[in-house]
Amino acid sequence: MLLIYCPHCGEHRDEEEFHSKGQAHIARPLDPDNCTDKEWGEYLFFRKNPRGLHHELWIHATGCRKFFNVTRDTVSYEIKEVYKIGERPSVVATAS
Amino acid sequence: MSDIIAPTKPTAEQGASAASIALMDQLAGPAVRAESPLYNADLATKARQGAKTGGVTLQEHKLLGHLVIRGSQDNAAFLAGAQAVLGFDLPTQPLTSAESGALSVRWIAPDEWLLIAPGREAFDLENRLREAMSGHIAIVNVSGGQTVLELSGPDARAVLKKSTPYDVHDSNFPVGKVVTSVFAKSQAVIRRTGEQNWELVIRRSFADYLWLWLQDASAEYGLVVKD
Ligand SMILES: [Zn+2]
């Protein structure tokens with residue numbers, strides 16, 4: 001069982017209180033009506049699946065119900081950092 | 001990673017331009033019998049006929065007024081409006097609560113609080129809060145959707161330990177702290193109101209289930225129901 005830090009509650013809470021919502025920092029196309037099918041399809045369906053550092057969106061589902069970002073190592077499951085929506089990650093992969 | 005990192009927040013002025021809102025007093029008046037979510041548990045009879053001593057005491061504080069208050073801490077008119085009506089500040093420190101007289105406020109999230117007041121005062125409070133606040137705010141009367149249970153006694157903490165993964169030790173859960181967490185596969189807003197007193201705000205739809213759970217979890221210590 002992992003303890004995950006919620007940046008809104010300001011303390012570590014049980015994994016059971018959280019849900020992962022997949023890849024973070026996905027920008028919705030600003031002009032959806034004029035997207036190509038490829039652009040729209042990539043926005044809707046295509047996600048990264050990296051081996052190593054991954055930036056993910058999580059929600060403190062049974063706590064404060066707020067979203068936040070997590071940088072996580074998909075190999076070790078180690079959470080490298082937690083940061084609020086609107087902030088930039090400080091731990092980033094060196095080569096992609 | 002995208003360059004766009006956050007959506008733009010609506011300003012206080014943008015929120016203020018919203019159209020007026022239809023308000024409804026949810027109380028039907030004294031002629032209509034009100035039933036708490038635990039009406040079918042018949043706690044009054046349990047209190048009369050059940051055990052008089054035991055390690056855990058359970059009491060429902062029923063038919064209170066519950067208002068969800070939402071707004072940004074950046075909006076000074078929101079915080080000042082709450083202070084003016086309640087007589088005390090909304091607790092902005094995470095996981096804290098504040099109370100004065102019959103009013104109590106729990107921090108739920110950075111932009112959300114739960115105010116509990118006497119049932120008959122909820123509608124008046126809602127109106128006065130709306131009057132005193134401006135900007136991008138929301139007040140929702142959720143009185144019918146939840147109820148308050150108080151667990152007390154020397155073994156109340158042991159019952160909590162069975163029910164939630166949250167650490168309820170003194171060092172982590174002082175009096176006045178409030179957390180929303182998993183509770184017996186459901187969810188509860190848990191607040192410590194005294195050395196041996198804990199308040200649970202639970203959902204109406206889970207009330208019967210949690211009542212059954214609490215009876216089972218308390219059985220080994222002896223459960224006293226108080227009306
Ligand atoms: Zn949280």
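1. Start with the contact between the two chains. Chain B puts 25 residues into it, and chain A puts in 20 residues. Keep in mind that this is a predicted model.

2. Next, the area. The size of an interface is often given as the accessible area lost when the parts come together. Here about 1,900 Å² is buried between chain B and chain A. Carbon and sulfur atoms give 54% of that area.

3. Now the charged and polar links. Three salt bridges are counted between chain B and chain A. One salt bridge joins the side chains of Arg65(A) and Glu112(B), at 2.9 Å from N to O. Seven residue pairs, both at pLDDT 80 or more, are in polar contact between chain B and chain A.

4. Which elements of chain B give two or more residues to the side that touches chain A? They are β4 (103-109) and β8 (178-183). The largest share comes from β8(B), with four residues. By type, this side of chain B has 14 nonpolar, five polar and six charged residues.

5. The largest nonpolar core has 58 residues. Leu115(B), Leu151(B), Phe183(B) and Leu200(B) touch the most other members. Helix α6 (residues 207-218) of chain B gives the most to this core: five residues.

6. Is Ser218(B) buried or exposed? Ser218(B) counts as buried because its relative accessibility is 0%, and buried means under 20%. Ser218(B) is found in helix α6 of chain B. Not counting residues up to four places away in sequence, Ser218(B) touches Val56(B), Val159(B) and Leu223(B).

7. Check the loop between β8 and β9 (186-194) of chain B, where Ala184(B) sits. Ala184(B) is not a glycine, yet has a positive phi of about 50°. Lys185(B) lies in the loop between β8 and β9 too. Lys185(B) is not a glycine either, and has a positive phi of about 65°.

8. How do these loop residues stand for burial? Ala184(B) has a relative accessible area of 3%, so Ala184(B) is buried. Lys185(B) has 76% relative accessibility, so Lys185(B) counts as exposed; the cut-off for exposed is over 50%.

Notes: Residues are numbered from 1 along each chain as its sequence is written. Chains are lettered from A and ligands numbered from 1 in the order in which they are written. This is a predicted model: local features need pLDDT of at least 70, side-chain atom pairs count only at pLDDT 80 or more; totals for chains, interfaces and linings use all residues. Side-chain values use heavy atoms; hydrogens and water are left out. Contact means heavy atoms within 4.5 Å. Buried area is the accessible area (1.4 Å probe) that two parts lose on being put together, summed over both. A salt bridge is a side-chain nitrogen of Lys or Arg within 4 Å of a carboxyl oxygen of Asp or Glu. A polar contact is a pair of N or O atoms within 3.5 Å; within protein, one must be able to donate a hydrogen and the other to accept it, and residues adjacent in sequence count only if both atoms are side-chain atoms. Ala, Val, Leu, Ile, Met, Phe, Trp, Tyr, Cys and Pro count as nonpolar, Asp, Glu, Lys and Arg as charged, and the others, Gly among them, as polar. A nonpolar core is a set of buried Ala, Val, Leu, Ile, Met, Phe, Trp, Tyr and Cys residues joined through side-chain atoms within 4.5 Å. Buried means under 20% relative accessible area, exposed over 50%, partly exposed in between (1.4 Å probe, protein chains only).
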